[in-house]
Amino acid sequence: MTTRPLSPGTSVGRIPVIDVSPVAEAGRFPAKAVVGEAVPVRATVFREGHDAVGATAVLTDPSGIDRASARMVDIAPGLDRFEARLVPTSTGDWTFRVEGWSDPYGTWAHDAAIKVEAGVDVELMLTEGALLLERAAARTGTDAMSRASVRVLREAVIGLRDVRDTPQERLSAGLSDAVHAALAAHPLRDMLTRSEAYPLTVDRPLALAGSWYELFPRSQGARFDAAAGKWISGTLRTAALDLPRIAGIGFDVVYLTPVHPIGETHRKGPNNSLFADLGDPGSPYAIGSPAGGHDAIEPTLGTFDDFDAFVATARDLGMEVALDIALQCSPDHPWVTEHPDWFTTRADGTIAYAENPPKKYQDIYPLNFDNDPEGIYTEIRRVLQVWIDHGVTLFRVDNPHTKPLDFWARILASVRAAHPEVIFLSEAFTRPAMMQTLAKIGFHQSYTYFTWRNTKEEIEEYLAEVSGEQGAWLRPAFWPTTHDILPPYLQTTGVRGFAVRAILAALGSPTWGIYSGYELVEDVPRPGVDEQIDNEKYEFKPRDWSKADGIGINLLLGRLNELRRTHPALQQLRNLRVLPTSDDALVAFVKHLDAKHSPTGLADTVVVVVNLDPWTTREGIVELDLHALGLDPDHPVVAHDVLSGDTYEWGSSVWVRLDPMVRAAHVVHLVAP
């Protein structure tokens with residue numbers, strides 16, 4: 001192996017390596033991965049003239065040791081674009097690089113095949129091939145080949161030099177499958193040129209793949225006391241009683257809306273009314289009262305002992321607890337009197353409440369991070385530590401896009417350094433630049449525009465977008481609804497529409513979530529607003545879960561979560577490919593993980609075909625590229641529908657028919673016969 005350093009005054013090596021990915025802003029921010037994820041590394045590698053080139057992707061662990069490497073394959077013939085997939089094995093700050101090199105064997109194999117067939121320089125070409133394979137076999141040290149590979153090359157040399165055979169027979173010895181395999185695994189690399197080392201932050205698997213269940217703890221166990229004429233709040237203890245049901249549906253994370261004391265001043269009533277009656281609980285996002293602020297628990301919910309018991313119960317059931325962090329205050333928050341400079345004071349001397357015209361939030365004061373940035377940072381970091389110390393391992397951050405990015409960069413780096421297991425989900429339904437930058441500076445996951453993507457074209461485009469290059473830093477979380485959003489599609493489509501959106505969310509993204517009540521198909525909007533009527537943000541909402549199984553969505557959710565656990569391909573993000581279909585309501589995509597990168601040692605391929613039309617049977621052709629999936633396109637494959645239990649034989653073009661009265665989708669596991 002010959003290594004060529006970069007020439008003085010130039011950033012181009014002897015073998016140019018350009019357009020390396022995944023790289024965020026030339027390496028200013030690290031790309032992301034998780035332990036066990038097959039990370040696609042790509043680069044454009046080329047050279048002058050017609051000689052062959054090759055490329056190798058190399059993964060280096062936090063201690064500086066090269067842990068994995070893979071020869072890259074040409075994924076765009078004629079465009080010199082190469083790719084390999086590498087799998088990090090531990091958390092931490094890794095790096096990766098791409099090595100470009102001249103491929104003398106590839107050059108010889110190409111030229112010799114042409115010249116020997118044409119009878120040009122025959123003996124010379126055979127001799128050069130023998131010398132080349134001798135050089136490859138003679139390598140020592142870290143560049144040495146295995147004994148078995150050395151034997152293969154030496155036998156090929158004998159064949160190349162055996163003048164008793166015809167030139168074609170001699171050439172075939174040097175071009176055998178065994179020789180190609182030996183040099184593919186350990187190529188002869190000349191003029192080796194290394195790219196820069198690019199940062200790759202590796203997190204635990206839950207940062208990429210998990211299923212979230214959102215609930216308002218006060219509604220779990222809430223009841224109306226007719227004698228007293230008022231509602232009695234549910235508590236953390238009564239909410240814990242519902243955890244076995246949630247775990248039974250297969251969720252990994254139980255996400256709590258804010259559990260802090262709620263203010264009385266300008267408390268909102270039902271449906272965001274400006275007037276609250278006695279006993280109305282108010283919005284849990286109007287944080288702070290004489291009972292405390294962000295580091296306290298609403299007294300009607302219980303105590304820290306109750307919170308700790310909730311966390312312990314969740315863990316016993318295999319779930320982790322996420323907490324909503326909303327950095328805003330009720331007028332009754334202790335910070336308002338202790339640190340009035342943390343807020344914006346208007347010309348008339350009053351503190352400005354939150355607004356997002358035409359929306360007004362009279363019960364909330366936003367923080368002004370420019371007045372005392374150091375003081376606010378110190379306090380928020382302390383608050384986060386309080387909840388981390390009580391077992392919270394995930395935070396859903398409310399409206400992070402309304403706070404300074406440098407504040408978040410500092411907070412996220414500090415928590416990561418002390419608690420690398422803690423995961424932050426960005427709830428930023430905002431402009432793309434802000435969403436992307438929040439992800440780049442350290443948020444592990446992000447809410448997405450999925451909630452508003454409804455048509456075939458919108459969904460196909462968005463699936464391709466989130467699983468493409470941007471998936472290296474923005475990990476999407478797909479939510480069909482939230483406590484703030486009831487999208488128009490779900491207001492009119494009933495159970496069938498809820499099934500469609502659950503399937504797309506659960507199988508289209510490694511992280512997905514539902515808001516409590518999805519199982520009951522809660523689909524009635526408040527007039528003129530894309531949110532539920534009688535919104536749980538402003539009132540108690542106990543539910544009768546005994547009805548869920550009869551509706552059917554509950555059973556579907558459980559099956560989807562089971563499939564996500566069973567199929568490693570569904571736990572990956574950057575392995576999704578949209579498939580062409582002939583009907584304007586059929587959306588199809590495939591997620592594939594090859595055997596080399598699968599934790600089971602077996603290739604895993606799942607095809608999803610969804611009928612977006614909840615009223616009409618749709619049928620059409622789905623185009624599968626079986627070769628790209630590692631399957632033989634000349635032979636049918638076994639297609640097992642893991643939702644219905646049916647089994648089919650599928651080829652490269654598949655006719656499907658989906659009646660929404662029977663099933664919303666095919667979810668098919670492809671297996672070679």
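## Local geometry and packing

Trainee: G141 lies in the loop that connects α2 (122–137) and α3 (147–161). Does G141 count as buried or exposed?

Mentor: The model is a predicted one. Exposed means over 50% relative accessible area. G141 has a relative accessibility of 59%, so its class is exposed.

Trainee: How many Å apart in space are G141 and R194, C-alpha to C-alpha?

Mentor: In sequence, G141 and R194 are separated by 53 residues. In space, their C-alpha to C-alpha separation is 20 Å.

Trainee: Is K537 buried or exposed?

Mentor: K537 sits in the loop between β24 (511–515) and α16 (548–551). Buried means under 20% relative accessible area. The value for K537 is 9%, and therefore K537 is buried.

Trainee: With the side chain of which residue does the side chain of K537 make a polar contact?

Mentor: Beyond four places in sequence, K537 touches F216, R218, G282, S283, P284, Y285, H483 and D484. The side-chain polar contact of K537 has a distance of 2.8 Å, and the partner is D484.

Trainee: Are helices α15 and α17 roughly parallel or roughly antiparallel?

Mentor: Helix α15 (residues 494–508) packs against helix α17 (residues 553–566) at an angle of about 15°, with the axes 10 Å apart. Angles under 35 degrees count as roughly parallel. The pair α15 and α17 is therefore roughly parallel.

Trainee: Is the crossing of α15 and α17 left-handed or right-handed?

Mentor: On the α15 side, the contact involves V495, F498, A499, A502, I503, A506 and L507. These residues meet I553, L556, L557, L560 and R564 in α17. The crossing of α15 and α17 is right-handed.

Trainee: The side chain of which residue makes a polar contact with the side chain of R574?

Mentor: R574 is in the loop between α17 and β25 (576–579), and because its relative accessible area is 8%, R574 is buried. A polar atom of the R574 side chain lies 3.1 Å from the backbone oxygen of K32. Contacts of R574 beyond four places in sequence include P22, V39, P40 and R85. The polar contact between side chains spans 2.8 Å, and the partner of R574 is E37.

Trainee: What is the value of omega for the peptide bond that joins S21 and P22?

Mentor: Most peptide bonds are trans. P22 lies in the loop between β1 and β2 (31–34). The bond between S21 and P22 is cis, with an omega of about 10°.

Trainee: What is the phi of H266, and what is the phi of N271?

Mentor: Most residues other than glycine have a negative phi. H266 is in the loop between β14 (253–256) and α8 (304–316), and N271 is found in the loop between β14 and α8. At 48% relative accessibility H266 counts as partly exposed, as does N271 at 22%. Neither residue is a glycine, but H266 has a positive phi of about 55°, and N271 has a positive phi of about 55°.

Terms used
Residues are numbered from 1 along each chain as its sequence is written. This is a predicted model: local features need pLDDT of at least 70, side-chain atom pairs count only at pLDDT 80 or more; totals for chains, interfaces and linings use all residues. Side-chain values use heavy atoms; hydrogens and water are left out. Helices (H or I, at least four residues) and strands (E, at least two) are DSSP runs, numbered from the N terminus. Buried means under 20% relative accessible area, exposed over 50%, partly exposed in between (1.4 Å probe, protein chains only). A polar contact is a pair of N or O atoms within 3.5 Å; within protein, one must be able to donate a hydrogen and the other to accept it, and residues adjacent in sequence count only if both atoms are side-chain atoms. Contact means heavy atoms within 4.5 Å. Axes are lines fitted to C-alpha atoms, for helices over the stretch in contact, and angles run from 0 to 180 degrees between N-to-C directions. Angles under 35 degrees count as roughly parallel, over 145 as roughly antiparallel, 65 to 115 as roughly perpendicular and the rest as oblique. A crossing is left-handed if the near helix is turned anticlockwise from the far one by less than a right angle, and right-handed if clockwise.
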